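Hi everyone, thanks for making time. I'd like to walk you through one model today, stopping at a few places along the chain. Please have the viewer open.

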Amino acid sequence: MRFLVDTKERSNTIEIMDDLSMSGEVLLKTLDQLAIINKWLGGNAITINGIKKLLEKHTLSKPLTIIDLGCGGGDMLRKVADYGRRKGYIFNLIGVDANVHTVEYAKKLSQKYPEISYLHQDVFSQDFKEMSYDIVLATLFIHHFKGKQLIDLLWMLKENAKLGIVVNDLHRHAMAYYLFKLLSSTISNEMVKQDGLTSILRGFKKEELVKISKELNVKSQIAWKWAFRYQWIIQ
């Protein structure tokens, strides 16, 4: 079967959501739709499973700070909070996003979760570089970066994270592209459709993640997950 889309190299196309000044009803509806799609495609479970692996030897009585980069509407953090409550962990959960309107929406949706707070912050800012935490979550986040910028970001995270990093991101594959194109025929939000396809083309091949791991000189586990995701755990 021959595919027309070229997935050999990562795309340089910018996603609409990369406009950090975006606000209003379109933004909120997009955040809601993305949360639903991530749930449909099993994305939440991949991140939660990664946290479980990092906490295998952690005692319940010791508080943990977990940050979520590019947190969007906070749906992942609320899932993590629910997991922590069920298991008896003491979580301090912090969502970080560079769009102030997104942060305000996440706060509104998380009012029943006192263990969650949110920061409007650039991950390349000095304030963020000085943060300390136990675990970093990067769900559909690192594909927004390339080259030295991506290496610098991951290097900083691995230096500051006491336990590790859980990356949950896209496998750049033609089948993933066309499956999402089929799925998006049921979606009315044009931003979700366009950004979804763009994000797949900005995703990764396994060998690229292996190469980055070697550059960072870290112990890591890379596992393929449905639907066309990589769970990349850096310790």
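Let me start at a single backbone angle: just after helix α9, Asn217 takes a positive phi of about 55 degrees. Keep in mind throughout that this is a predicted model.

Now step back into the helix itself. Which residues of α9 are buried? In this helix, which spans residues 206–216, they are Leu209, Ile212, Ser213 and Leu216. These four cover an arc of only 105 degrees around the axis, which puts them on the same side of α9.

β6 and β7 pair in the antiparallel sense, over six bridges.

β1 and β2 run parallel and are joined by six bridges, with Ile66 standing opposite Leu93 in β2. Is β2 enclosed or open? Six of its seven residues are buried, so β2 is largely enclosed by the rest of the structure.

On β1, which covers residues 64–69, look at Thr65. At 16% relative accessibility, Thr65 counts as buried, because the cut-off for that word is under 20%. Thr65 and Asn92 are 27 residues apart in sequence, yet their C-alpha atoms are 4.6 Å apart in space. Leaving out residues up to four places away in sequence, Thr65 touches Asn92, Ile94, Ser132, Tyr133, Asp134 and Ile135.

Moving on past β2, we come to Asn99, in the loop between β2 (91–97) and α4 (100–109). Is Asn99 buried or exposed? It is buried, with a relative accessible area of 3%. A polar atom of the Asn99 side chain lies 3.0 Å from the backbone oxygen of Met22. If we set aside neighbours within four places in sequence, the contacts of Asn99 are Asp19, Leu20, Ser21, Met22, Leu27 and His120.

Last stop, the aromatics. How many aromatic pairs does a search of the whole structure find? The search finds eight. Take Tyr177 and Tyr178: their ring centres are 5.3 Å apart and their planes are at 80 degrees, so this pair is edge-to-face. As for accessibility, Tyr177 is buried, with a relative accessible area of 13%, while Tyr178 is partly exposed, at 27%. Elsewhere, Tyr83, Tyr89 and Phe91 form one aromatic cluster.

One more ring to finish with: the charged end of Lys158 sits over the ring of Trp155, 4.0 Å from its centre.

That's my tour, and I'm happy to go back to any of these stops with you.

Terms used
Residues are numbered from 1 along each chain as its sequence is written. This is a predicted model: local features need pLDDT of at least 70, side-chain atom pairs count only at pLDDT 80 or more; totals for chains, interfaces and linings use all residues. Side-chain values use heavy atoms; hydrogens and water are left out. Buried means under 20% relative accessible area, exposed over 50%, partly exposed in between (1.4 Å probe, protein chains only). Helices (H or I, at least four residues) and strands (E, at least two) are DSSP runs, numbered from the N terminus. The arc is that of the directions from the helix axis to the C-beta atoms. Rings of Phe, Tyr and Trp (its six-membered ring) pair if their centres lie within 6.5 Å; planes under 30 degrees apart count as stacked, over 60 as edge-to-face and the rest as tilted. A charge sits over a ring if NZ of Lys or CZ of Arg is within 6 Å of the ring centre and within 35 degrees of the ring normal. Two strands pair if DSSP finds at least two bridges between them. A polar contact is a pair of N or O atoms within 3.5 Å; within protein, one must be able to donate a hydrogen and the other to accept it, and residues adjacent in sequence count only if both atoms are side-chain atoms. Contact means heavy atoms within 4.5 Å.
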